[in-house]
Amino acid sequence: MHIRDGVIERIETDADDEEQFRACLRGRSYRQRLYHRDRLIYPLRRTGERGEGKFERISWDEALGAIASELKRVKETYGNQSIFYIGYSGGHGQLHGMRAAYRLLNKFGGCTKTWGGASHEGGIFASMATYGTLSTGNTRDDLPNSKLIIMWGWNPAETIWDTNTSLRLAEAKEKGTRIVSVDPRLTSSTATFAHKWIPIKPCTDTAALIAMTYVIIDGGLYDEKFLDRYTVGFDRYRAYVMGEEDGLPKTPRWAEEICGVPAGTFEQLARDYATAKPAALIAGWGPGRTAYGEQYHRAAMVLAAMTGNIGIHGGNAAGFERSYGSRNMHGFSAGKNPLEVDGPVRKDALMLRGGTTSTAVRVHVSRIWDAMLKGRSGGYPADYKLLYVTNANPLNQFPHTNKGVEAIRKMEFVVVHEQFMTATARYADILLPVNTIMERNDIAQPWLSAPYYIYLNKVVESVGESKTDFQISSELAPHLGVDDYSDLDEEGWLRKSVESSEDIEDYDEFKKAGKHVVKLPEPYVSFEAQIEDPEKNPFSTPSGKIEIYSELLADMENPLIPPVPKYIEPEEGPDDPLRGEFPLQLITTHFRRRVHSVFENVPWLAELEPDAMWINPVDAEPRGIKEGDPVKIFNQRGTVVMPARVTERIIPGVVNIHEGAWFSPDSEGVDRGGCANVLTADKHSPGGAFISNTSLVQVEKEET
Amino acid sequence: MQMTFHFNQQRCTSCYTCVVACKDWFDIPPGPRTRRWVSTLEEGKFPDVEVSHLSLSCLHCENPSCISVCPSGAIKKRESDGIVYADRDECLADCGLCKEACPYDAPRFDEEGDTTIELCDFCVERIDEGKKPICVEACPMRALDCGPREEMESEYGEKKDARGFSYVEENRPSIVFK
C-alpha cells in the first residue's frame, strides 16, 4: 500500500522475487471500496418501516444498550433458541468474521444456527460418504503432471480456487496436457484453457458421468486391481449402471436425451479419461448446487476410482478438492453452543466424524425464511423472534428473496453488522458499522487449503466509527452480563493462531513478511499414503476403503440418497411439466466483478462488464430479445428485470444470472437489481446440497 | 531502442486486473477515460464457438499517427526508448483528432469533467526506476511483458497479429503476440 497522511493512494501487490501472489481485480480496486461514500460509518437506528432504508445516527452506547435489552427480553420471554444467528463468509480471516458474534451468543446461553454450506454442501456430503474426508485434492503445481484434465463445471479464471490456480492450468496446457471443459456456458476458463467445450444441460451432470461409467465398464477399461484393493461396492454400482438392477442400461444414448450431449461425445470422453492416465477429473461445485447434487459428486469420485486416478501425481480424486492442510490453523473459536451440547443429532445427518453432522436445533440455510415464518407450527425446532446477522447478506444470497422479505418483516428485532447498506441491512432495527481488511490485523488461510498463509496487516485507521466484529462483541458482552468474552486482544488471538500452526515458527517474522509459503519437495497429492499401503493407512470410512457402495447411506433408508450414485430426476429439472409455463433452466454463477454480493458497488469494477442475463440466440429470437434489451425473468417466486446478453456461449434452453447483484425491488416488488435469488427455490437436497441451479423460469422482453 | 509490449493471448482470461491496476495507479476515475482496456471476441455458432481476449493500451508505434495530427503538440515520443506519452496540460481537450488518427483507439477521453487525453506512457516513471509497468506487474497470468523490441522478439517471437488485432504496417505498433 502506498500511504500518504494515513490515506491509501495506490495499491501494489506482492513484489517478491519468489513466485508472487498477485491480487485479482477486486483486490486492486479495494481503495474504492474502503473509501466509498456509502460506507456505514456510525451506528444507525431504524426510523421508517423495515426495508424502507430510513435510519438515524445513534451512539455506540445507545446501540449496544438497545441490542442488549432486546437480546435479554427475547431470551427471557422465548428462550435462547428464538435468537437466530446468521453468520457467514463475509469475513474469512482467522479472527475477524462470523465467529465473533457467535462466541458472544454462545456465552449468552446459545442461539439457533444454520447448517449446510451454500457453496458446497453436496460436495462435502459426497466426499465424506465416499472418502471419509474433505482432503481429496492435490496442490495446483500437480496439474501439469496430468495428461488430461477435465474441468467439470469448474471455472477458476473467475472463481480463483486459490491464487495461481489458473496459472498452473496455463502451464499444463503449454506443457501439452489436453483440457476438456464440461459446462453449460463457455466460461473464461473454458475459452482460455480448454481444447474442447462440451456444453451440457444443468442438473444432468450425474447422468453424463454415469454414462461415461457405462462406456468404461462396457469396454473393460477400468482398473480392476485398483477397485479390488481400494474400494467396496463396485459390483452393486455396476448392476445399476448396466441396467441389471432396473432393466435400464445407462448408455451414452440414454444420457444423450437427458443431457443434450451427443452420445459419441461421452463415449470419446470416457475412453480418453480411462486411457490417458494420469488424468485429473476436477468436479467443480456448481453442478453439485442442484437437486441431488450429492449424486453428481459421488458419480465423479467413482469414475476417478475406476480409472485408478487417485493418490497419484497427475490424477485427481474428483472430491471436495481440499489439499494441503493449511486450514488446520486454529485460534479464535466460537466455543460451544449450549443448545447443541449433547443436543439431539439431526435425523438426516451423515454419521461420519468431521462430516456434516450437526444437531437438530439447526435449520438448513435454504430454509431460514420458512423457519422464521412458521416456527414450530411448520415443524421447525423453535419459534424465531430475533435475527442477528453478521458477515452475511442472507436476503440477497440465500434462496427465495421475496419470502425472505416477508420473514424478516415478521421478526421482533433485527440486528445487522455491515459495511454497506445491503438488502439485508435495510431491514435492520439496529445497524452497526464494521471496518474492512485494511483497517485491522488478521490472518488469511487459502480458501481451499493450499500451502501458504497471508498476514493481512492493518494499514489505515478505521473509517468513521466502524469497528471489527470482535470489538463490537467484546463491547456488547458486559451489557449482556457476559464477563468472560475474551482474555486476549486482536494481536493475542493472532499469535495464538500462529502457535497452533505447524508451518509457521515465528509470528513476528510472518507479520513482517506478510506471507508464508510452505516449500514442498514435490506437489502434495491426497491419498498417496492410502494407495501406497492401504493396510497401514486405511481410508477414514467405515470400511477403510473408498465407498462406492456406502452402508451409512443405505442405513439412511432414503431413496433420494441411494447407497450407490444414481441419476434422480429433479423437480424443476429438464423434464418437469412445469416447463410448460417456465421453459428455461436458470443457473446462477459467479461474476468476476464481485465476491458474491461484495464489491457490487465498486465503480471501477462495475464499468468493466455489464451485468446481464445470458441467453442463447435460439431462445432470444422468438422472444424478440436483442442484445442489451431489458428482459423480465420470472417464475412462481418472483420477477427480476435486467438487460439481456444474447450469446452463443450458453447452451439453448438455459439462462444465466450472475449471483450477487443487489436486490432492489420497485414499488410493485419487481427486482430491478438483478438478484438471482428472487428466482431460486428455498429447498435442499436430502444430503444438504443447495439447489440454486435447479430453477425454472420464463423470460420476456420488458415492454418499456 | 524501442520499448515494446508482449501480450500472450493464449493466457489471457479477460480478468481485467491490468485495467483496474492501471486505473488505481494513475487514479483515473471510472468512465471511458482509461489507459488500458480488455476486449473479448466471440466467433462462431453454438456449439462451435471461439472466444479470444485482448488486453491493449497505446502501442507506442514507431511511426505514431497521433503525434502529427495533434494541434498543440501534447503527444510526444521519447527518443531514448520510443515511449509515446501525452502531456495532459498541453492537450486542448475535446478536439479528438488523435483519437481519429489512431488505428487502435488508444487515446481515451471522458465526455464530461476532465476531458483531456488519457494515454498509456508505459509507466515511464516506473521504467525509469527500473521497474515494469503496473499492468505487467499486476497480470495474474503473466500474460503481459515489456522491454526493448529485440529482447521481446528473441524471447517471445515476432508474431504481429492476434485474434481481434490487425498490425498496421504504416504505424508499426510496438507489440509482439503469442
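Between chain B and chain A, 23 residue pairs are in polar contact, with both residues at pLDDT 80 or more. A polar contact is a pair of N or O atoms within 3.5 Å; within protein, one must be able to donate a hydrogen and the other to accept it, and residues adjacent in sequence count only if both atoms are side-chain atoms. This is a predicted model: local features need pLDDT of at least 70, side-chain atom pairs count only at pLDDT 80 or more, and totals for chains, interfaces and linings use all residues. Residues are numbered from 1 along each chain as its sequence is written, chains are lettered from A and ligands numbered from 1 in the order in which they are written, and side-chain values use heavy atoms, without hydrogens and water.

H1(B) gives the most, with 7 residues.

Now take the whole contact (heavy atoms within 4.5 Å). Chain B brings 39 residues and chain A brings 44. About 3300 Å² is buried between them, and carbon and sulfur atoms give 53% of that. Buried area is the accessible area (1.4 Å probe) that two parts lose on being put together, summed over both.

One salt bridge joins A:Arg31 to B:Asp27, with the closest N and O atoms 2.9 Å apart.

Is H1(B) itself enclosed or open? Because 9 of its 9 residues are buried, H1(B) is largely enclosed by the rest of the structure. Buried means under 20% relative accessible area, exposed over 50%, partly exposed in between (1.4 Å probe, protein chains only). Among the buried residues are B:Lys23, B:Asp24 and B:Trp25.

Finish at A:Thr647. This residue lies in the loop between strand E23 (638–646) and strand E24 (654–658) of chain A. At 1% relative accessibility, A:Thr647 counts as buried. Its side chain reaches the backbone nitrogen of A:Arg649 at 2.9 Å. Beyond its neighbours within four places in sequence, A:Thr647 is in contact with residues including A:Trp614 and B:Glu42.

Definitions and conventions
A salt bridge is a side-chain nitrogen of Lys or Arg within 4 Å of a carboxyl oxygen of Asp or Glu. Helices (H or I, at least four residues) and strands (E, at least two) are DSSP runs, numbered from the N terminus.
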